[in-house]
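Let's take a friendly tour of this protein, one piece at a time. Have the sequence and the 3D view ready as you read.

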Amino acid sequence: MEENNKNEIIEEQVNNEEQSTIFAAPEQHTDKGKKSQNPLLKKIIAALLCVALLAGATFAVVKLIPEKEPEDVNINQSYQVLNVDPAQITKITIEHEKGKMVITSAMVENDEKELTQVWSLEGYDNSLIDQTSLSQIASYAAAISAFGEYDDDGTVDYGINQPKIKVTVEGTAGDPYTITVGNETADGTYSYVKVSSAPDKIYLVNAGTMSGFIVEPLELAISTAIPKIEKNDDNAGYFDSDGALSTFDTLTISGTRFEKKLVFKPNKDGAFSDYATYICTSPLMRVAQGVEDVMEIFKSGVSASGVVSFDQSAEKLKQFGLDNPEWIITISVAGQEYTYRITPSDNTYTEYFVASSTDRMIRTVTISNLEFISNEEKDFYLGFMALESIKEISEFSLSGDINTSFILSYDEDNEVYIVKNGDKDVIGTDFQNFYAEFIQITAIDYNTVSTSEKPSLTLTIKHNNSNEDTVLTFTKISDTRYQYTSGGNAMGQIPATSYDRLLRLIEKLIPA
């Protein structure tokens, strides 16, 4: 070794009890008893070394208690041992325990007529592979920084003969070269590395950098998001002025989580209030809620956490449980159907396998990106019996257990409601307070029963626009429940206490 390299080593004299260091050769880490001595000192030393390396200090790192002779090892702050222009690399062959990968590159003319380097993973569709990941691997293969080195005289086993990683690099300039990665130092900070251009040296290289070579093709797949539905000439009318999907023809939900298929559509036929954006048409006619959350996946796409398959073959769908998933969501837009198949990856229900018709791969998505995923059928039903704004109402009438009618109009000049019960006045604010309570009555059970009983009460709401009347009926089905219908459709059950309170509130409104 040259004399100037000797001067860069700082030796420390201690007693005969040897202590291991992160820079010791592999043979110095075999005595487990000695390795466990004085752990606090080791932690302090390791912490100081990390600070020194991360802070980029310019002084030499101290080599503690060297067992090799000073002239056999050179310990420096980071220095370059390999530096190749990645633009000159045309092929990188990587071999490790997970398999073999071949990365190639070519100079391609872009839209601006400029040449740019494009990386490819041999055997895979380039449109599915992340270019940034490939170029990052190329940067690892193009430049090696070492934190120390040994003269390799063949007497020490650094793991090079049975390497963890072997990287062969070919290019347009110079001869091909090989990077061989052997064992790691005892603390896992560094790997022992041989570069074919310096066959007599073993380098200490950051182990984290070398681990960047240990990847599988699936880890290199583009995994930013499952694509959204794109606007085109055929479906342009379904998008808003900002270019976002705003409506659909139908949206269906099925799968093992649901006993029956749910079918939703935008509320365009006036069967329900203008405030009901979506309605469920099957298996039950209901005002719907939560449809917006489901629609969002088609509107914006879904961020993915990973990729498990490059294709959605029948074999792969079965492998990941997507042949019979918990969720099958299909939306029809301008006659074109788009589908998501979703099922949990394990019984923790924190991550899901997702296959989308807008994608070619099968991905994983975390639960945080699937807000609706814990919903059941009942969670998609809005329990309110009526959603009319009080400003829409011209008449509110009842027959059965109570027979009365209220006529409403709005005095815009004084900003008050004028309410009549027959020829008598009702205080407008009293009716408003009643109506606020009325519209908060919600179903507690969506199961319905067949009954031949006559309704106990029929409630009709007439509108001051062209909308059809809203007709609700209430039929007693038990001592504690009333079943209500809307437009003749049995909708659900409300507590008998809510029904009784409704009658009491109406009676209080009727002038003496």
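Predicted model: local features only at pLDDT ≥ 70, side-chain atom pairs only at ≥ 80, totals over all residues.

## A strand on the inside

Residues are numbered from 1 along each chain as its sequence is written, and side-chain values use heavy atoms, leaving out hydrogens and water.

## The partners of β9

Two strands pair if DSSP finds at least two bridges between them. Strand β5 (residues 143-151) runs antiparallel to β9, joined by five bridges, and Ala-146 has Val-205 in β9 as its bridge partner. Strand β8 (residues 190-195) is also antiparallel to β9, with four bridges. Tyr-190 stands opposite Asn-206 there, and a hairpin of five residues takes the chain from β8 to β9.

## An eight-stranded sheet

Further along, eight strands make an open antiparallel sheet, in the order β24-β23-β22-β21-β25-β26-β27-β28. At the edges are β24 (424-426) and β28 (489-495); each has a single partner strand, so one side of each lacks a neighbour in the sheet. On average, neighbouring strands are turned by 20 degrees against each other, direction ignored. Axes for such angles are lines fitted to C-alpha atoms, for helices over the stretch in contact, and angles between N-to-C directions run from 0 to 180 degrees.

Now look at β25, where five of the seven residues are buried. Seven bridges pair β25 with β21 in the antiparallel sense, and Leu-398 stands opposite Leu-459 in β25. A six-residue hairpin connects β25 to β26.

## Helices on the sheet

Helix α8 (residues 428-438) lies across β21, β22, β23, β24, β25 and β26, running at about 70 degrees to β21. Helix α9 (residues 496-509) packs on the sheet too, touching strands that include β21 and β28, and its direction makes about 85 degrees with that of β28. Contact means heavy atoms within 4.5 Å.

The expected span of a helix is 1.5 Å times one less than its number of residues. For the 14 residues of α9 that gives 20 Å, which agrees with end C-alpha atoms 20 Å apart. Buried residues in α9 include Ala-496, Tyr-499, Leu-502 and Leu-503.

## Rings and charges

Rings of Phe, Tyr and Trp (its six-membered ring) pair if their centres lie within 6.5 Å; planes under 30 degrees apart count as stacked, over 60 as edge-to-face and the rest as tilted. The count comes to 26 aromatic pairs. Phe-298 and Tyr-340 have ring centres 5.1 Å apart and planes at 85 degrees, so they're edge-to-face. This pair links distant parts of the chain, helix α6 (residues 291-300) and strand β18 (residues 336-344), and both residues are buried. Elsewhere, ring pairs join Phe-396, Phe-406, Phe-431, Phe-434, Tyr-435 and Phe-438 into a cluster.

A charge sits over a ring if NZ of Lys or CZ of Arg is within 6 Å of the ring centre and within 35 degrees of the ring normal. Arg-286 does this over Tyr-381, 5.6 Å from the ring centre, and Lys-391 over Tyr-410, at 5.3 Å.

Notes. Helix = DSSP H or I, 4+ residues; strand = E, 2+ residues; numbered from the N terminus. Buried < 20%, exposed > 50% of the residue type's maximum accessible area, 1.4 Å probe, protein only.
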